[in-house]
Amino acid sequence: MSNLYLAYAATWIIHIVYILFLSRKAARLRAEVKELER
Amino acid sequence: MRPGFLIYALATMALLSYALYQGMMVAPTERTMGEIQRIFYYHVPSAWTAFLCFIANFLASIAYLVRRNPKADAFAVTTAEVGVVFTTVVLITGPLWAKPVWGIWWTWDARLTTTLVLWLIYVSYLMFRRFSTGQQTATLAAALAIFGFIDVPIVYMSIRWWRTQHPKPVIAGGAGSGIDPEMWSALLWNLAAFVAFAGLLIWVRYRLERTRQQIDELHALQALASTEGTLTR
């Protein structure tokens with residue numbers, strides 16, 4: 001039973017880590033665009 | 001943020017919540033495995049979503065080789081990355097399901113091994129794209145993706161072609177296969193939710209990749225302008 005919750009939790013941890021990776025990438029690209037606009 | 005994106009994101013969140021409710025509360029408990037079988041509602045839709053991502057990557061790679069359109073290349077890298085995320089979910093939830101049911105976390109049977117190879121192929125593809133700096137990167141990546149895709153039908157057919165520790169297909173598996181209609185319903189809700197969620201991730205990641213391509217173009221133009229300036233001086 002605990003493996004069931006572990007599996008569901010692991011799924012969402014993987015997706016949340018990927019979303020954090022995307023938001024960091026977006027922030028880096030925004031900074032680069034600002035740099036180019038200067 | 002565009003209103004269309006916001007509506008889509010909210011609808012996806014609602015769908016994921018309802019799918020979770022279907023998998024945990026509505027679907028009946030399986031007779032032999034018990035509650036642990038509910039991992040099925042995350043494991044199988046994640047695998048099918050990953051397959052859809054890799055099919056999209058395959059088609060985008062062909063489109064890039066034919067038309068040399070950077071949008072096709074951006075879509076290819078996007079779908080490969082999202083496909084790897086969903087395959088990672090499959091490779092983590094699988095052993096968590098296997099341990100209480102089979103008594104082992106992992107075995108080198110055809111389905112498990114070909115899935116691990118699939119993950120390694122697309123991780124290699126992404127690493128190649130990340131670290132290669134040559135002008136032919138997109139072309140070589142597209143060729144790699146087309147050959148790498150060969151493993152997708154092998155993964156799908158592995159439980160039909162070979163005797164494996166992994167269960168035989170319960171869907172489209174011929175006579176004797178099939179699941180309870182309520183299990184079907186929960187499975188389809190979860191599949192719809194995961195495909196919608198993958199679409200959301202692809203939407204965001206594609207826009208980032210297009211921005212990166214445009215930044216690279218600007219850098220190239222700046223470099224060209226400064227070279228021309230040096231030559232005319």
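Analyst: Happy to. Let's begin with angles: an axis is a line fitted to C-alpha atoms, for helices over the stretch in contact, and angles run from 0 to 180 degrees between N-to-C directions. With that in hand, H3(B) and H4(B) pack at about 145 degrees, their axes being 10 Å apart. Bear in mind throughout that this is a predicted model.

User: What makes H3(B) and H4(B) a contact, and which residues of H4(B) take part?

Analyst: Residues are in contact if their C-beta atoms, placed from the backbone, lie within 7 Å. On the H4(B) side, the contact is made by Leu112(B), Thr115(B), Leu116(B), Leu118(B), Trp119(B), Tyr122(B), Val123(B), Tyr125(B), Leu126(B) and Arg129(B). H3(B) brings residues including Val77(B), Val84(B), Thr87(B) and Leu91(B). Sorted by type, the residues of this contact are 13 nonpolar, five polar and two charged. H3(B) passes H4(B) in a left-handed crossing.

User: Why are H2(B) and H3(B) called roughly antiparallel?

Analyst: Helix H2 (residues 40-67) of chain B and H3(B) pack at about 155 degrees, with 7 Å between their axes. The cut-off for roughly antiparallel is an angle over 145 degrees, and H2(B) and H3(B) therefore count as roughly antiparallel to each other. Their crossing is left-handed. The residues of their contact divide into 18 nonpolar, 10 polar and two charged.

User: What makes H3(B) largely enclosed by the rest of the structure?

Analyst: The count does: 24 of the 33 residues of H3(B) are buried, so this helix is largely enclosed by the rest of the structure. At 1.5 Å a residue, H3(B) should span 48 Å, and its end C-alpha atoms are 46 Å apart, which agrees. After H3(B) comes Gly103(B), whose phi is positive, near 90 degrees.

User: How do you know that the length of H1(B) is close to what is expected?

Analyst: Helix H1 (residues 3-26) of chain B has 24 residues, and 34 Å is expected at 1.5 Å a residue. From first C-alpha to last, H1(B) reaches 33 Å, close to that value. The buried residues in H1(B) are Thr12(B), Leu16(B), Ala19(B), Gln22(B) and Gly23(B).

User: Stepping back, what makes up the secondary structure of chain A and chain B?

Analyst: Chain B has seven helices and zero strands, giving the pattern α-α-α-α-α-α-α along the sequence. Chain A comes to one helix and zero strands. The C-alpha atoms of chain A fill a box of roughly 55 × 5 × 5 Å, while those of chain B fill one of roughly 80 × 40 × 30 Å. Of the 38 residues of chain A, 11% count as buried; for the 233 residues in chain B, the figure is 33%.

User: Where do the two chains touch, and which helix of chain B gives the largest share?

Analyst: The contact takes 21 residues from chain B and 18 residues from chain A. On the chain B side, helix H3 (70-102) and helix H7 (181-232) are the elements that give two or more residues. H3(B) gives the largest share of that side, nine residues. The chain B side divides into 13 nonpolar, three polar and five charged residues.

Methods. Residues numbered from 1 in each chain as written. Chains lettered and ligands numbered in written order. Predicted model: local features only at pLDDT ≥ 70, side-chain atom pairs only at ≥ 80, totals over all residues. Helix = DSSP H or I, 4+ residues; strand = E, 2+ residues; numbered from the N terminus. Nonpolar A, V, L, I, M, F, W, Y, C, P; charged D, E, K, R; others polar. Buried ≥ 20, exposed ≤ 12 C-beta atoms within 10 Å, placed from the backbone. Expected span 1.5 Å × (residues − 1). Left-handed = near helix turned anticlockwise from the far one by under 90°. Parallel < 35°, antiparallel > 145°, perpendicular 65-115°, else oblique.
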